[in-house]
Amino acid sequence: MTLTQLKQRSLLGLKDLGKDEIEAILDRAAYWEQHPNKVHSVMQGKFAANMFFENSTRTRFSFEVAEKRLGAEVLNFSAAVSSVQKGESIYDTVRTLESMGIDVGIIRLKPIGVLADLATKIKVPLINAGDGNNEHPTQALLDLYTMRKQFGSLNGLNVSIIGDVQHSRVARSNLYALRKFGANVSFCSPDNMKAPELDVPYISIEEAIKADVVMMLRVQLERHESGKLNSAESYREQFGLTAERAAQIASHAIIMHPAPINRGVEIDDEIVEHPQSRIFPQMENGVPIRMAVVERALS
Ligand code: CP
């Protein structure tokens, strides 16, 4: 297999991934979701390394579950208890694991551009588990999968993405992928959390909650310069999915959130498990999606 073929199995983002490729991943995830057996042998004898240089619960564990369900041997690297603490670089860390014979690397990073650079130097397929505010492709894939399960088709779907768009890799990956399928994406954000470089219409919260999909974003305090969020209560009043606003969404609409959630800030506590909420099903769908993505990397 050539280096180019190996690279094509990497998943760095959805911006440059074709609609057909995305559809194939969604279809394969549906296959895995419906399969009666929990554990398979398609990755038997293969090693997957989950390399997280930023914190994670859902993405890290659902990749691990996905890899184990495919029969892989799994290595979990956490920067907090590694030689990164002694000053080792991201490249040297990934190169070290590659030297030990891993077959695929799943990577979450804070700095933007590092993953694209790594992909030019590392020979094994790499999967982006979230890089800065650039892309989070597997989150968007599970989001599309959740919407497709609900509505059958993404074409013409109105999707409102509400909140801290500026810091959101989830918003970007969803935007890139949803537009390939003919969905209409709108943003709703405070002025200081907008992403003006993205060509997307901004609408009011009253308009945003009329969509078929009301996707709330976490206010990413850890990425803010000081002063962006003056008051959690004021944010909730102006941009939160309060119980009053949730009562106004259409009866066919769904509520989504990539999580983790700031309960009582971007979404009221009692709305998280509202009958129209798909927040926990999103997490459930993350496993078959990541099975499909990891399998693709090794096929
Ligand atoms: N949605 C998401 O990426 O969650 P984690 O940060 O817990 O992985």
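Q: Which residue in β3 is the bridge partner of Ala48?
A: That's Val104. This is a predicted model, where local features need pLDDT of at least 70, side-chain atom pairs count only at pLDDT 80 or more, and totals for chains, interfaces and linings use all residues. Residues are numbered from 1 along each chain as its sequence is written, and side-chain values use heavy atoms, leaving out hydrogens and water.

Q: How many bridges link β1 and β3?
A: Two strands pair if DSSP finds at least two bridges between them; strands are DSSP runs (E, at least two residues), and helices are too (H or I, at least four), numbered from the N terminus. Here β1 (47-52) and β3 (104-109) pair in the parallel sense over five bridges.

Q: What packs on the sheet?
A: Helix α3 (58-69) does, touching β1, β2, β3 and β4 (contact: heavy atoms within 4.5 Å). The direction of α3 makes about 180° with that of β1 (angles run from 0 to 180 degrees between N-to-C directions of axes fitted to C-alpha atoms, for helices over the stretch in contact).

Q: What is the strand order in the open sheet of four strands?
A: Read across, the order is β2-β1-β3-β4, with parallel pairing. β2 (73-78) and β4 (126-131) stand at the edges with a single partner strand each, so one side of each has no neighbour in the sheet.
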